[in-house]
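This report describes a protein model together with DNA. Please look at the sequence and the structure first, then read on.

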2 protein chains.
Amino acid sequence: MSSTPPGDALHRLLHAYKRAMREAYRAAGIDLPSSHVRTLKAICGLPKCTAQAIAERMHRDKSQITRVVHDLQAAGLITRRPDPDDGRRQLLAPTASGKRLRARVAEAEREAGTRMVRGLPPTSVATFVRMAETMAANLDTTES
Amino acid sequence: MSSTPPGDALHRLLHAYKRAMREAYRAAGIDLPSSHVRTLKAICGLPKCTAQAIAERMHRDKSQITRVVHDLQAAGLITRRPDPDDGRRQLLAPTASGKRLRARVAEAEREAGTRMVRGLPPTSVATFVRMAETMAANLDTTES
DNA sequence: CGTCATGGTTGACTTTGTCAACTAACTTCG
DNA sequence: CGAAGTTAGTTGACAAAGTCAACCATGACG
């Protein structure tokens with residue numbers, strides 16, 4: 001019975017969220033898939049950013065990062081140069097246009113984000129986010 | 001700073017959740033993709049269930065439902081027979097083994113679900129689910 | 001030096017979601 | 001009645017996202 005399986009609500013929410021984001025991106029003239037956008041955000045956010053760091057930070061497969069990074073570079077949004085300290089690593093950094101795009105993304109997201117939490121007390125939203133993080137951590141760490 | 005963009009937390013959570021579910025399914029010897037499982041749950045939950053009803057209920061594309069339903073039928077988990085009242089519609093219902101599977105799924109989910117909310121007060125979890133639903137509704141309804 | 005871990009790349013593949021065209025069955029209404 | 005529109009479902013094609021495993025380099029360490 002349990003009329004509200006938590007997974008369903010989650011699934012619907014993320015689905016709606018992704019749709020809203022894609023919508024927002026398109027409205028802002030940004031035609032990148034959302035995973036690329038998130039990767040770009042990560043690169044802009046982390047100071048000395050490597051592919052590994054991104055993969056770890058957002059729990060994604062290395063191969064995925066490789067491909068996305070490749071695309072972003074091809075689009076002239078980021079630069080990739082070998083780390084002088086370690087020949088295996090490559091340091092990722094946004095270009096000027098990458099940073100500009102990132103700013104526009106932030107703008108679009110803020111708009112959609114506020115729309116999402118319309119009518120909800122801000123403190124609850126903070127709690128919500130914290131809970132989401134706790135749950136994710138719970139699920140992650142308990143992997144045998 | 002706003003070190004925690006709400007979307008990221010969401011994404012990580014759903015990702016972790018899906019992984020946990022798949023893990024749980026596999027551990028229970030259920031080798032169905034999660035979308036099939038969710039569809040089966042919907043069919044078991046709705047009394048007189050049509051493909052359209054499912055699509056609407058979980059905001060998914062009709063075509064997706066068609067294919068999943070087809071698979072479930074091929075696996076002998078559901079039956080599909082034309083609605084006597086309307087020749088276009090098809091009534092979907094779980095078979096005996098479909099119901100059994102559904103029960104096992106519920107078991108596995110309960111286990112993973114409780115693991116997820118470990119250490120969180122149950123009332124907060126309820127609030128969390130309600131908020132998730134509100135947000136999803138916010139995003140859905142505000143489409144121009 | 002050999003061995004092993006690490007960062008990254010590649011290929012093949014599955015799952016999920018999206019779009020558009022299309023059939024068949026109902027409905028509406030002139 | 002019959003033409004026009006709706007609705008349920010199907011199909012094909014495709015993009016996006018995630019997963020798995022094998023594979024080079026480079027670096028670290030005995």
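## Contacts with DNA strand D

In this predicted model, the side chain of A:Ser34 has an N or O atom 2.7 Å from a phosphate oxygen of DNA strand D. The table lists the contacts with phosphate oxygens of DNA strand D.

| Residue | Part with the N or O atom | Distance to phosphate oxygen |
|---|---|---|
| A:Ser34 | side chain | 2.7 Å |
| B:Thr66 | side chain | 3.2 Å |
| B:Gln90 | backbone | 3.0 Å |

Several elements give two or more residues to the surface near DNA strand D. In chain A they are helix H2 (34-45), helix H4 (62-74) and strand S2 (86-94). In chain B they are helix H1 (6-27), helix H3 (51-57), helix H4 (62-74) and strand S2 (86-94). Helices (H or I, at least four residues) and strands (E, at least two) are DSSP runs, numbered from the N terminus.

DNA strand D is surrounded by 26 residues, where near means that a heavy atom of the residue lies within 4 Å. Among the closest are A:Gln64, A:Gly87 and B:Arg80. Of the atoms of DNA strand D that come within 4 Å of the protein, 65% belong to sugar and phosphate.

## Chain A

Chain A has six helices and two strands, in the order α-α-α-α-β-β-α-α from the N terminus. Its C-alpha trace spans about 55 × 45 × 25 Å along the principal axes.

For A:Cys44, the nearest cysteine sulfur is that of A:Cys49, 9.2 Å away. A:Cys44 counts as partly exposed because its relative accessibility is 24%.

## Basis of the values

Residues are numbered from 1 along each chain as its sequence is written, and chains are lettered from A and ligands numbered from 1 in the order in which they are written. Local features need pLDDT of at least 70, side-chain atom pairs count only at pLDDT 80 or more, and totals for chains, interfaces and linings use all residues, while side-chain values use heavy atoms, with hydrogens and water left out.

Technical notes: A polar contact is a pair of N or O atoms within 3.5 Å; within protein, one must be able to donate a hydrogen and the other to accept it, and residues adjacent in sequence count only if both atoms are side-chain atoms. A disulfide is a pair of cysteine sulfur atoms within 2.5 Å. Buried means under 20% relative accessible area, exposed over 50%, partly exposed in between (1.4 Å probe, protein chains only).
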